[in-house]
Amino acid sequence: MLISLFGAVESGAIYAIMALGVYLSFRVLDFPDLTVDGSFVTGAGITGMLIVNGMSPIMATLIGAFAGFIAGCITGILHTKGKINALLSGILMMIALYSINLRFMGQPTVSMLNENTIINQIQSFWSPAIDSVLNSIFIGADRVPTTWAILIIMTIVTIAIKFILDYFLKTEVGLAIRATGDNQKMIRSLSANTNFLIIIGIGLSNGLVALSGALVAQHGGFANLNMGIGMIVIGLASVIIGEALFGKKTIARVTLAVIGGAIVYRVVITLALRVDFLESSDLKLITAVLVIVALVTPKVLQARREKKRRLAKRAALMDRRGSEASA
């Protein structure tokens, strides 16, 4: 159980980068972008092929992320310049990326098991003494994590990306992107180029998604053509769960909530798959149920609070009328 939960938190920290990208498109820009399923594989596939061909894993990861950024920009161009519906433009780019990714990868699966990856580099410079100290926390446990390197470094990377995103969304361009998502007509009336803002916003979103895909592929040791299926649902689940659990009053709080939501999602999935009557093939069903619960629960709780508030207000009004009548 301990190892399973540790692995869930570890992978959650990496998938949180993808969730931040989904948050940028769906929440900030209010753009239903389905390119995510394709750009996730773009980052993984291009990074994998470059690493197999001998390129530095850091440079390969950055190129993979940039390829995702380009894919997102094309989606934005299809919507803004081509006047194609936002949902349809994402679907068209997702379909196109399937063939593009296969052309780059050359085969459905690219193995990186014997290659030099970022994960290997992290483990090579990590001190085993740190693992011994951290594992001493779990005294009496049957099994302890082999290394804490990936969890700690990936958490630091994700938090750094969170702070960079927070800062960007408070700059002039970032505020304009937020305003475009809130009220596109209003920001256009202030002579802002909303087309450019949408293209850049969707590009950055898919760049983060591709970066996450590149890291996930290196963490798993392979890139697969179908590994992006359902990523948009996972990203949305992370955003919705995070907002429901941790709130969304400020940008800094909601980005932290998205990271927390990605980790909570992975933990819940891990625990659910340990139930006897559930199998690994039920993963998509569990994800759908989680999203439904995360969407419905806040509204039910809000309705109950509103009902209690109305009842309390009505009782106070009745008491006031009773006191006035007795007087």
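Author: Thr-75 sits in helix H3, residues 57–80. Helices here are DSSP runs of H or I, at least four residues long, numbered from the N terminus. The model is predicted, so local features need pLDDT of at least 70 and side-chain atom pairs need 80 or more, while totals for chains, interfaces and linings use all residues. Numbering starts from 1 along each chain as its sequence is written, and side-chain values use heavy atoms, without hydrogens or water.

Thr-75 has 0% relative accessibility, so it counts as buried (under 20% relative accessible area, with a 1.4 Å probe and protein chains only). What does Thr-75 touch, leaving aside neighbours within four places in sequence? Its contacts (heavy atoms within 4.5 Å) include Phe-31, Asp-33 and Thr-35. Ser-89, Gly-90, Met-93 and Ile-202 are in contact with Thr-75 too.

H3, H7 and H10 each supply at least two residues of its lining. A pocket is an open set of points on a 1 Å grid where a 1.4 Å probe fits, with protein on both sides within 12 Å along at least five of seven lines; lining residues have an atom within 4 Å of a point. H7 gives the most, 5 residues. The lining has 13 nonpolar residues, 1 polar and no charged. Asp, Glu, Lys and Arg count as charged; Ala, Val, Leu, Ile, Met, Phe, Trp, Tyr, Cys and Pro as nonpolar; the others as polar.

Now look at H7 and H10 themselves. H7 covers residues 149–168 and H10 covers 194–220. Their axes come within 13 Å and cross at roughly 175 degrees. The two helices are therefore roughly antiparallel (over 145 degrees). From H7, Ile-150, Met-154, Ile-161 and Phe-168 take part in the contact. They meet Leu-204, Leu-208, Leu-211, Leu-215 and His-219 of H10. This contact has 8 nonpolar residues, 1 polar and no charged.

The second largest pocket has a volume of about 270 Å³. Tyr-23, Arg-27, Arg-178, Asp-182 and Ile-251 lie nearest its centre, among 13 lining residues. H1, H8 and H12 each give two or more. H8 has the largest share, 4 residues. Here the lining divides into 6 nonpolar, 1 polar and 6 charged.

Methods:
Axes are lines fitted to C-alpha atoms, for helices over the stretch in contact, and angles run from 0 to 180 degrees between N-to-C directions. Angles under 35 degrees count as roughly parallel, over 145 as roughly antiparallel, 65 to 115 as roughly perpendicular and the rest as oblique. Buried means under 20% relative accessible area, exposed over 50%, partly exposed in between (1.4 Å probe, protein chains only). Grid points are joined across faces, edges and corners, and a volume is the space filled by probe spheres set on the points.
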